[in-house]
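The points below are grouped by topic and are meant to be read beside the sequence and the coordinates.

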Amino acid sequence: MSKLQKYTPPVVWVWEKENGGKFAKINRPISGFTYEKNLPKGIHPFQLYSQGTPNGVKVTVMLEELLDLGIKEAEYDAWLIRIGKGDQFSSGFVDINPNSKIPSLTDNTNGTSVKVFESGSILLYLADKFKKFIPKSFEARTECLNWLFWQMASAPYLGGGFGHFYAYAPEKLEYPIDRFSMEVKRQLDVLDKLLSDKTFICNDEYTIADIAIWSWYGALVLGRLYGAEEFLDVKSYKNVLRWAKFINERPAVKRGRMVNKISGYPGSQLHERHDASDFQNKTQDKIENLIFKS
Ligand SMILES: N[C@@H](CCC(=O)N[C@@H](CS)C(=O)NCC(=O)O)C(=O)O
């Protein structure tokens, strides 16, 4: 089969509502809300509106890590935004994040409501606010932020590029799958070399860079993304795999992965989280992971 499917673009692109593919029903070329609805609000300082995707997991892992340090001020209510159903287009959600993407957070600690969106910005906000999971020295902080920004810039190649064309597009096309597989494997190689002599992304300190990168590339090498572990030969990135398994064992990571999760083993899905006790009877043990990888 030819690598290139012939397509002659029209002079002006026009939106054809149904182009097939998993997200055809929710994708639109215009921003803004499509219906009026306020968001629910709980009692805790932080209100999170999200779904348990890799970008969503970054924030719930971070909040659970802060709570594990005994920081009660990091208590949060997590509300489920079902992106497949278009919840991100409600007026309440768009008021917090005009870009209509999860995760979005409000911080109501001081009586005012600070709106925070973009998962990297949320991680940095929480790290700076509580002075945790970010190095103290300016130089080490810069290195940590290099990798946080690297993740924010690289993951769209993995998700929007590779994942979209390998798993979600209406047909398998060799050209885009080739292009994005090459880039994702290059990124994995960058990480594998980086982690060859380090425990964590920024030396010995577990930081928001690990949380951000693990949520995507950790999930990928642990076989939880796109069913692509064999195709991308993820086992060959031994240092990434070792690092991913190590972080996977953290209690906060195990809990954070369950929050706002709507796929996989039903006992591992905590659609909403309002209290630490909500995790009771929820589990993601090894046997379940063998059966349900997501
Ligand atoms: N750069 C953003 C990306 C967020 C993003 O793409 N979120 C996806 C889920 S992982 C989403 O909300 N998609 C819904 C949509 O595109 O309508 C971030 O890191 O927060």
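The order of elements from the N terminus is β-α-β-α-β-β-α-α-α-α-α-α-α, which amounts to nine helices and four strands. With 294 residues, the protein has a radius of gyration of 19 Å, close to the 19 Å from the globule rule, so it is as compact as a globular protein of that length. The model is predicted, not experimental.

**Overall dimensions and packing**

- The C-alpha trace extends over about 60 × 50 × 40 Å along its principal axes.
- Of the 294 residues, 35% are buried.
- Among contacts with a separation of 6 or more, 68% are between residues 24 or more positions apart.

**Helices α1 and α3**

- Two packed helices are described by the angle between their axes and the distance between the axes.
- For α1 (residues 54-68) and α3 (residues 119-130), the angle is about 10° and the axes are 9 Å apart.
- The helix α1 is therefore roughly parallel to α3, since angles under 35 degrees count as roughly parallel.
- On the α1 side the contact is made by Asn55, Lys58, Val59, Met62 and Leu66, and on the α3 side by Ser119, Ile122, Leu123, Leu126 and Phe130.
- By class, the residues of this contact are seven nonpolar, two polar and one charged.

**Ligand surroundings**

- The residues around the ligand are Ile26, Thr53, Asn55, Ile83, Gln88, Ser100, Lys101, Ile102, Pro103, Glu118 and Ser119.
- This shell consists of four nonpolar, five polar and two charged residues.
- Asn55 and Ser119 belong to the ligand shell and also take part in the contact of α1 with α3.
- Ile102 and Pro103, both in the shell, are joined by a cis peptide bond with omega of about 0°.
- Pro103 sits in the loop between α2 (91-96) and β3.

**Backbone exceptions**

- Most residues other than glycine have a negative phi, and most peptide bonds are trans.
- The bond between Ile102 and Pro103 is cis.
- Asp233 is not a glycine, yet its phi is positive, near 50°.
- The loop between α6 (208-221) and α7 (238-248) holds Asp233.
- Asp233 has 11 other C-beta atoms within 10 Å and is therefore exposed, the cut-off for exposed being 12 or fewer.
- Asn281, also not a glycine, has a positive phi of about 70°.
- The loop that contains Asn281 runs between α8 (251-258) and α9 (286-291).
- Asn281 counts as exposed because it has 8 C-beta neighbours inside 10 Å.

**Buried positions**

- Ser215 is part of helix α6.
- Because 28 other C-beta atoms lie within 10 Å of Ser215, this residue is buried; the threshold is 20 or more.
- Beyond its neighbours within four places in sequence, Ser215 contacts Pro54, Val57, Lys58 and Val61.
- The C-alpha atoms of Ser215 and Val59 are 9.7 Å apart, although the two residues are 156 apart in sequence.
- Lys58, one of the contacts of Ser215, is also among the α1 residues that meet α3.
- Leu80 belongs to strand β2 (residues 76-80).
- Leu80 has 23 C-beta neighbours inside 10 Å and so counts as buried.
- Not counting residues up to four places away in sequence, Leu80 is in contact with Gln51, Asn260, His271 and Glu272.
- Ala155 is located in helix α4 (residues 138-168).
- Ala155 is buried, since 24 other C-beta atoms lie within 10 Å.
- The C-alpha atoms of Ala155 and Val94 are 23 Å apart, and the two residues are 61 apart in sequence.

**An exposed loop glycine**

- Gly111 lies in the loop between β3 (104-107) and β4 (114-117).
- Gly111 counts as exposed because it has 5 C-beta neighbours inside 10 Å.
- Gly111 and Arg224 are 39 Å apart, C-alpha to C-alpha, and 113 residues apart in sequence.

Technical notes. Residues are numbered from 1 along each chain as its sequence is written. This is a predicted model: local features need pLDDT of at least 70, side-chain atom pairs count only at pLDDT 80 or more; totals for chains, interfaces and linings use all residues. Axes are lines fitted to C-alpha atoms, for helices over the stretch in contact, and angles run from 0 to 180 degrees between N-to-C directions. Helices (H or I, at least four residues) and strands (E, at least two) are DSSP runs, numbered from the N terminus. Angles under 35 degrees count as roughly parallel, over 145 as roughly antiparallel, 65 to 115 as roughly perpendicular and the rest as oblique. Two residues are in contact if their C-beta atoms, placed from the backbone, lie within 7 Å. Ala, Val, Leu, Ile, Met, Phe, Trp, Tyr, Cys and Pro count as nonpolar, Asp, Glu, Lys and Arg as charged, and the others, Gly among them, as polar. The radius of gyration is taken over C-alpha atoms; the globule rule is 2.2 Å times the number of residues to the power 0.38. A residue is near a molecule or strand if its C-beta atom, placed from the backbone, lies within 6 Å of it.
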